[in-house]
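Please explain how charged side chains pair up in the structure shown here.

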Amino acid sequence: MSEPQGTEGSTRRLPVMEPVMEKEPAAGTGPPSDPDSGSGRAGRFWSARRVPAGIVALLFLLVAGAFLYDVVAVRAGRPALGWRRELARQLADRPLDDTWVLVGAGVATALGLWLLALALTPGLRKVVPMRRTRPDVRAGLHRDAAATVLRDRAMEVAGVQSARVRMRRRKARVRALSHFRELDDVRTDLDGALDDAVRGLGLARPPVVSLRVARPGRKG
């Protein structure tokens with residue numbers, strides 16, 4: 001994208017919005033639907049979970065390989081490895097209410113719950129789904145890019161000195177500092193500009209804008 005000239009001879013780089021696109025198998029070959037009406041449900045994007053899956057697979061491979069090697073060694077007439085004999089003895093001697101048994105069970109339970117949460121939750125929390133204008137295409141927008149668009153639109157309002165935007169899936173918190181004009185007038189203009197910006201993002205669930213306008217603090 002080009003860099004349009006700003007006021008007073010300065011330049012400002014506009015955010016680069018790179019939507020996440022996913023092409024789905026088309027159900028038919030009919031004409032595209034109306035962009036304003038939407039087509040299909042815009043669900044969240046699911047993460048591939050490659051890192052957690054790779055870690056779990058590697059751990060299972062190491063543990064299973066160690067046990068398999070020891071079992072094969074025992075079948076071949078060699079004594080069992082010391083760690084397996086010690087583990088069997090500890091499991092046989094220690095009561096269930098032992099501290100280390102409870103700690104080990106708690107760690108295993110926490111690890112299992114974490115893995116289940118990774119498997120059952122979508123992930124990609126920073127990608128918000130956009131409206132579906134075609135049934136075979138899904139698009140998502142990164143929250144940082146959306147926050148940058150809202151911040152730049154807020155900076156275009158007369159009287160706004162600086163603005164900060166924190167973008168969430170359901171809410172956008174905008175904090176602006178105004179160095180001139182009445183705060184009520186600035187807030188009214190900001191409401192209109194931000195509403196237009198949110199509609200222009202094309203999100204499936206437009207976030208609710210929480211706006212606060214204040215004067216900058218005194219220096220020194």
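Glu86, Arg89 and Asp93 are joined in a network of salt bridges, a salt bridge being a side-chain nitrogen of Lys or Arg within 4 Å of a carboxyl oxygen of Asp or Glu. Side chains of opposite charge can pair when their charged atoms come close. The structure has eight salt bridges.

The model is predicted, so local features need pLDDT of at least 70 and side-chain atom pairs count only at pLDDT 80 or more, while totals for chains, interfaces and linings use all residues. Residues are numbered from 1 along each chain as its sequence is written, and side-chain values use heavy atoms, with hydrogens and water left out.

Helix α5 spans residues 183-201; helices (H or I, at least four residues) are DSSP runs, numbered from the N terminus. Within helix α5, aspartate 184 and arginine 187 lie three residues apart, about one turn of the helix. They form a salt bridge in which the closest N and O atoms are 3.0 Å apart. Aspartate 184 is exposed at 54% relative accessibility, and arginine 187 is partly exposed at 27%. Here buried means under 20% relative accessible area, exposed over 50%, and partly exposed in between (1.4 Å probe, protein chains only).

Helix α5 also holds aspartate 196 and arginine 199, again three residues apart, about one turn of the helix. Their side chains meet in a salt bridge at 2.3 Å, N to O. Arginine 199 counts as exposed at 54%, and aspartate 196 as partly exposed at 39%.

Another salt bridge links arginine 151 and aspartate 152, at 3.6 Å from N to O. Aspartate 152 is buried, with a relative accessible area of 5%, whereas arginine 151 is partly exposed at 36%.

Conventions: Helices (H or I, at least four residues) and strands (E, at least two) are DSSP runs, numbered from the N terminus.
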